Amino acid sequence: MPTEQQYFEDAIAIENYMAQMESNQKTTYAIYEKFTLPEDQEFIGLLKEKQPHVLVITEDWCGDAMMNNAILRRIAEAADLEVRCVYRDQNPELVDQYLTNGGRSIPKYIFLSKEGEVLGHWGPRAPEIQEFVMEKRATLPEKDDPRYALNHEAMIGEISDAFTWNTEFWQAVYEDLRKTFMKALK
């Protein structure tokens, strides 16, 4: 199996990934355009100094990726970081090393040193976002209930809608990414 660094070397730049998205492209770019990176010299300075590479495991249909990847791209641009993306469904052996509660949840961000050493990882959600999603899921009927499919679809729509406009969510993602990067790089 290839190393994370080998996956990174074969992956596509986040800019190219976003440009060729088939789902959620318009919304991803809207978040990217509207998200204002906080003034944070300590964080951006550390990123510029350490220059980690970020390998993103993603899919463009994913609502979490829609929001998180746009924010990560802003961080990467401010710090001149290289961020490259691989598709989860084409790389099960990679994502299976970074499961969330036994599932292939995405996006996953793997932080690598310039030499390719895994320094840490993040994803798929900031804690505040996870709490919001769990509260929404708690309102669903049981899976065997005939109303489940329709209610589940509506819930996914509500979550995706919130991801597109809730700037507090964007800030929560930024803060959690910051915390994880800082821990991995110090």
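Predicted model: local features only at pLDDT ≥ 70, side-chain atom pairs only at ≥ 80, totals over all residues.
**View 1. Helices α7 and α8 crossing.**
Here we're looking at α7 (residues 127–137) and α8 (residues 148–165), whose axes come within 10 Å and cross at roughly 155°. With angles over 145 degrees counted as roughly antiparallel, that's the label α7 and α8 get relative to each other. The crossing of α7 past α8 is right-handed. On the α7 side, the contact is made by Ile-129, Phe-132, Val-133, Lys-136 and Arg-137. Facing them from α8 are Met-155, Glu-158, Ile-159, Ala-162 and Phe-163. Sorted by class, this α7 contact with α8 comes to 7 nonpolar and 3 charged residues, with no polar ones.

Asn-166 sits in the loop between α8 and α9 (167–185). Its relative accessibility is 12%, so Asn-166 counts as buried, the cut-off being under 20%. A polar atom of the Asn-166 side chain lies 2.9 Å from the backbone nitrogen of Glu-168.

**View 2. Helices α4 and α5 crossing.**
This one zooms in on α4 (residues 41–50) and α5 (residues 63–79): their axes come within 8 Å and cross at roughly 70°. Since 65 to 115 degrees counts as roughly perpendicular, α4 and α5 are described that way. This crossing, of α4 and α5, is right-handed. From α4, Phe-43, Ile-44, Leu-47 and Lys-48 meet Ile-75, Ala-78 and Ala-79 of α5. The class tally for the contact of α4 with α5 is 6 nonpolar, no polar and 1 charged.

Terms used: Residues numbered from 1 in each chain as written. Heavy atoms only, no water. Axes fitted to C-alpha atoms, helices over the stretch in contact; angles between N-to-C directions. Helix = DSSP H or I, 4+ residues; strand = E, 2+ residues; numbered from the N terminus. Parallel < 35°, antiparallel > 145°, perpendicular 65-115°, else oblique. Left-handed = near helix turned anticlockwise from the far one by under 90°. Contact = heavy atoms within 4.5 Å. Nonpolar A, V, L, I, M, F, W, Y, C, P; charged D, E, K, R; others polar. Buried < 20%, exposed > 50% of the residue type's maximum accessible area, 1.4 Å probe, protein only. Polar contact = N/O pair within 3.5 Å; in protein donor to acceptor, adjacent residues only side chain to side chain.
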